[in-house]
Structures are given as C-alpha cells and as structure tokens.
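Please find below a colleague's note on the structure, arranged as numbered points.

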Amino acid sequence: MTKQTRYFMAGSAAVIVAGLGVGLAAYYTGGFPSLSASRTGPAELAYVPADSPVVAYANVREVMNSSLRQQFKQSMPDRTDEGQREFQQRTGIDIERDIDYVVAAMAGPETQGEHDPNGLVVARGRFNTGLLETLARDHGGVVEEYKGKRLVTVSERRQDSGTPDDTDRRHHGAITLAFLEPGLVGIGSQAAIKSAIDAQLTAHSITSNDAMMELVSDIESGNNAWAVGRFDAIANQTHLPDEIRSRIPAVKTFAVMSHIDGGLTGTLRAETRDEQSAENLRQVVQGFLALGRMQAQSDPKVAAMLQSLQLSGSGTTVALSFAVPAEVFSLMGQAHRNGNQR
Amino acid sequence: MSERPLPAAPGYLASSLRVFDLSIGEMLWSRRTIFMVLIVAAPVLIALLIRAIDALSGGRAMQVDGIRMAGPAIFGMMIWIFYLRFTVPVLGVFYGTSLIADEVEDKTITYLFTRPIPRGAVLAGKYLAYMACTVFVVLPSVVLVYLLIAPLRGSLGGSFLDLVKDLLLLAIGLGAYGALFALVGSTFKRPLLIGLIFIFGWEQAALAFPGYLKKFTVAYYLQALVPHAMPSNSALSLIQGIFRDTPSFGMSLFWLAVIWGVCLAVAARMVERKEYVLEQ
C-alpha cells in the first residue's frame with residue numbers, strides 16, 4: 001500500500017470518527033442547539049407531533065423549589081406526604097427532585113381515538129428505567145420495541161356494567177410508558193407515543209408547525225409553566241352544547257403563561273378572529289371582573305386576588321394578567337386550617 | 001549437494017491480503033474513482049446549498065405544504081435518494097463487475113493466476129479492496145451531509161442513532177451489491193450491461209409490482225433496514241411505496257447475509273474453475 005493510499009484512508013477514517021464522535025457527544029448531552037434556526041422552547045418539543053392542537057410545559061424542579069410551594073407545605077402541616085412517599089417507593093421517582101420538567105400535548109386529530117381522547121406527557125429527569133419497567137410488567141404490562149424505543153403498555157381492564165361475562169370485558173385506559181432517551185420518558189396512549197416517536201424520527205414535529213411555534217416563541221422567558229394552543233381544539237374536546245359554543249367569542253388561539261416563585265404571576269392571552277370579537281371578549285371579561293369585585297368585598301382573599309387581575313390588549317389580542325402575592329396563599333392556608341379545626 | 005526446498009505457498013487469507021494490498025492502490029487511484037468522487041460529492045454540495053438557501057431565506061425556502069422541512073427529514077430523504085437508490089447500487093455495479101472483468105480485459109489475469117496462490121483468493125482480495133475503497137469514500141460523505149443538514153431545525157444528537165444505522169446499512173448494501181456483481185463479473189461476458197439492467201430495470205420494476213418478485217432483489221431487504229420514511233419523489237417511488245411490504249429486520253439481515261455469502265462463494269468457485277479466454 002502506498003503512502004498516498006494510507007493518507008487517504010487515514011483521512012477518511014478521521015472524518016468518520018470525528019462525525020461519529022460529535023454525534024455521540026450530542027446524543028449524550030441532549031443535542032447541540034440548531035446552528036441557523038433559533039430554537040424556541042424545550043428540545044423535547046421534537047417529540048410533539050406537528051398536528052397537536054395544544055402544547056404545555058412545566059418546569060417541575062423550579063415549581064417544587066419555589067418559596068410558594070415551601071410556604072404551602074408550611075401552611076398545611078396536616079397534609080401528609082404519604083402518597084408521595086408510596087409513589088417514590090414503587091417507582092423510584094422523587095417528584096420533588098427527580099423530575100426536571102415535563103412537556104405535555106393534546107393529541108392531534110389523526111392520533112385521537114373516537115371515544116378515547118389522548119394526550120402525551122414527556123418528562124425529563126432521572127429515572128430508574130429498570131424499576132419502572134418491572135412495575136409496569138407486574139401490572140400486566142406488555143413490553144415491545146418500536147423503532148428502537150422500548151415501550152411498556154399497561155391495559156386497565158374494566159368490567160362493563162351488567163355484563164359479568166369475561167368476553168364482554170374490553171381494554172380501557174391503556175397507557176404506554178416509553179423510554180425515549182436516557183433521562184427522558186414519554187407517557188400516553190400507545191397511538192400518541194408511537195406518533196411522538198415518529199414525529200422525532202421524521203422531524204415532523206410541532207417545531208415544524210410555524211403557527212404553533214410563533215405562540216411558543218411569544219412566551220416570555222422566565223415563565224416556568226405555560227400552555228399554548230388552538231381554542232377550537234379545547235372547545236371540541238369539552239363537548240360544549242352548540243348553543244354555548246356559538247356564544248363564545250371567536251377565539252382562535254390562546255396562551256397561558258405563569259411564573260411561580262414567591263407568588264403566582266402570569267398572563268392569559270387570547271387571539272380572536274377579528275377586532276370586533278376581541279372587543280366583545282374584552283367587554284365580557286370586564287363585566288365578569290366588575291361583578292366579581294362587587295361580590296368579593298366581604299371576602300378579603302378573593303378581593304385581593306381580583307385586584308391583581310388586569311385586562312389589556314389591542315386589535316385582535318385580549319390579555320388578562322394576574323399577580324397573586326404569597327399573602328393571598330397564606331390567607332387561603334389559614335382559612336383551610338380554620339375549616340379543619342371547626 | 002541437496003536442493004533448497006521451495007517455501008510453502010501462502011494460505012488463502014495471506015494470499016487474499018496480498019492481493020488486497022496490491023489492488024487497493026490501483027482501485028483508489030483509477031479513473032473510476034473520479035466518477036465515484038463526483039457521485040459522493042454531489043450530496044455534500046447539495047447539503048451546502050441547502051444550508052446557504054436556508055440561511056438566506058430565514059428558513060422559509062424549505063417548506064412543504066406550509067410546514068418547514070427540518071434537517072433530520074432532509075437527511076433521511078438524501079439517504080434514500082442519493083445513497084440508497086443510486087450511489088450504493090451504482091458503485092456496486094461499476095466496481096463489483098470490474099474485479100475480474102478488468103483483469104481479463106487488460107489481459108493481466110494470467111499474471112495473477114500464475115502466482116502460487118489459490119485463484120479464489122484473487123477474487124477475495126479484490127473484493128476486500130473494493131469494500132475498503134467504497135466504504136472509505138462513501139461513508140465520509142454521509143457523515144459530512146449529516147453534520148451539515150441534521151442541525152437544521154433538528155439536533156445532531158437526535159439523529160445520531162439514525163446516522164449509525166445509515167452508515168451500517170450502506171456498508172451492508174455495498175457488501176451485498178459488491179458480492180452480487182462480483183459474481184456477475186466473474187461469470188458473464190458483458191457484466192456491466194447486465195448489472196445496469198439489474199439495478200435500473202429489474203429491481204425498479206420488481207419493487208413496483210405486488211407479489212413475491214421483489215424478494216429476488218437486494219433493494220427489498222436493504223430498504224427494510226432504513227430508519228427514515230420512504231420519500232415519494234417520483235411516480236415510480238410512489239407506486240413502490242404503495243406496494244411496499246417490509247420484511248422484518250432479522251429476515252432482511254439474514255437474506256442479505258445469504259446473498260453476500262452465496263454470491264461470494266459461487267464467484268470464488270467460478271474464478272477457481274473457469275478458463276478465461278483472453279481475446280487476441
């Protein structure tokens with residue numbers, strides 16, 4: 001073999017090794033951010049299918065560590081953490097420490113079952129996958145591989161009323177747990193989980209849906225919980241009667257964002273189809289606020305909460321911001337304690 | 001005075017490695033390699049172009065039905081269109097058929113056959129040289145395309161496992177097609193024509209019809225290993241997509257191994273037994 005050939009082969013091998021090395025490093029560190037397009041929202045949005053009408057995010061770690069939560073715990077000392085401890089014993093997950101954040105989504109029309117509306121939750125954190133799988137298997141979970149990801153499906157069997165025969169039993173509430181990446185699990189219906197895996201593999205995720213990503217990019221940084229989506233999806237999901245649905249102003253999209261720390265601050269923003277609808281909605285909300293303030297004069301905690309509500313917005317945007325100070329939660333805690341003593 | 005004993009002839013493996021060493025340089029620095037470099041450089045140039053267009057248009061140019069195409073999806077499409085459907089079979093045909101046929105055409109096969117090595121080792125050594133030559137040219141091109149395209153509204157980490165699978169399946173594809181066309185090259189008189197008819201005629205037609213005919217192609221098993229969605233970029237691929245049935249992962253690997261093993265074994269046996277008549 002000539003020197004020239006050796007150099008060529010060494011160069012080629014170096015390119016392959018360098019590419020694999022960069023990819024491997026990115027795989028274990030959760031991926032390098034996009035070079036040209038600015039990334040909006042958490043990287044886990046890559047698992048949310050492009051047609052999902054609602055997507056939400058919560059930074060569980062920040063919420064759990066917030067002084068508001070600590071205050072809550074202190075103001076309700078009678079509330080035991082037994083359920084939480086039992087959950088930790090069974091799953092190995094300490095909700096306060098092991099979950100960093102969750103991304104949730106409502107399934108799109110293609111994934112949604114007729115009688116079984118389903119959602120998807122993707123959680124980032126530290127999980128004992130072996131223990132979770134064993135727990136699922138103990139509850140009759142079926143393990144399968146789907147495009148290189150491990151899925152455990154547990155079907156809750158429920159007996160139909162008045163039909164004791166086993167043949168009349170059918171699968172209800174089947175839930176699938178998927179180990180998507182190291183430190184990343186997905187929970188939802190089997191269809192939703194498979195659709196999430198497909199979305200990530202084919203890159204046909206919500207990040208390619210410009211309309212939804214615009215809503216996500218409008219979320220101000222610093223909010224540790226938010227949800228955005230199409231309002232029609234919510235209206236359809238709640239199966240509102242036609243008379244009520246027709247009276248709801250024509251809201252196109254909505255965004256809810258909040259920051260939980262010393263207190264609770266946030267904004268609820270709605271985008272209507274036209275300016276007239278926005279004006280109508282503003283008047284409706286203004287009316288409810290006035291009514292609430294009149295009613296709440298005798299109740300200081302409700303009055304304090306309503307005082308923080310501010311209606312704003314122009315054009316087709318209607319925004320309602322709120323700031324609930326920690327004192328209001330203290331008052332609520334006090335009322336709860338008084339109620340228990342009685 | 002006693003005669004010095006002749007040294008023992010080298011074994012099959014040693015002979016193959018000696019032929020590999022001799023052939024790799026010849027193969028790598030031949031005119032055929034210029035053609036190969038052009039083939040594998042095209043996707044890299046297209047990837048660069050995509051990045052430039054995307055950067056200049058702020059991502060608006062890469063849209064399909066109003067949805068922006070993300071890098072991993074474009075990468076998957078490029079693997080299908082450039083590498084799997086074109087580069088791998090074409091390189092298999094051009095290099096595989098020439099392993100023995102070129103030596104016959106150049107009338108240099110006599111020099112190899114008069115060496116004290118098994119004839120089959122000539123084919124094995126040349127096949128190894130073909131694998132090294134194609135793998136070291138095609139795979140770096142795939143890695144460069146991945147580094148350029150995958151971060152586009154996607155992440156390198158998210159597509160890493162796909163890259164590993166792609167590299168492995170392309171190497172498997174080069175191996176299977178190379179073995180098949182090595183057999184064609186050592187058996188028939190016009191192997192290149194037969195090879196081209198096989199990949200652009202038989203395989204394309206068989207994959208487009210329902211039924212069992214597709215089982216007599218390499219592409220049927222190779223395409224089952226691809227981790228990306230099959231693109232429907234032409235009428236033919238749309239029809240192939242409609243009639244596509246995917247064998248299981250294990251079954252695909254098994255049949256690719258069978259094609260590889262049987263073709264190489266038969267090709268080596270062919271070279272051992274066949275009398276190559278050199279045209280004067």
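**Strand pairing and helix packing**

1. In chain A, Q310(A) stands opposite S321(A) of strand β12(A). The model is predicted: local features need pLDDT of at least 70 and side-chain atom pairs count only at pLDDT 80 or more, while totals for chains, interfaces and linings use all residues. Residues are numbered from 1 along each chain as its sequence is written, and chains are lettered from A and ligands numbered from 1 in the order in which they are written.

2. Strand β11 (residues 310–312) of chain A runs antiparallel to β12(A), and three bridges join them. Strands (E, at least two residues) and helices (H or I, at least four) are DSSP runs, numbered from the N terminus; two strands pair if DSSP finds at least two bridges between them. Four residues separate β11(A) from β12(A) in a hairpin, and G313(A) in the turn has a positive phi of about 115 degrees.

3. Strand β12 (residues 317–324) of chain A is also joined by eight bridges to the antiparallel strand β10 (residues 264–272) of chain A. In this pairing, R269(A) stands opposite A319(A).

4. In chain B, helices α6 (residues 119–149) and α11 (residues 249–273) pack with their axes 7 Å apart, at an angle of about 135 degrees. Axes are lines fitted to C-alpha atoms over the stretch in contact, and angles run from 0 to 180 degrees between N-to-C directions. The two helices α6(B) and α11(B) are therefore oblique to each other; angles under 35 degrees count as roughly parallel, over 145 as roughly antiparallel, 65 to 115 as roughly perpendicular and the rest as oblique.
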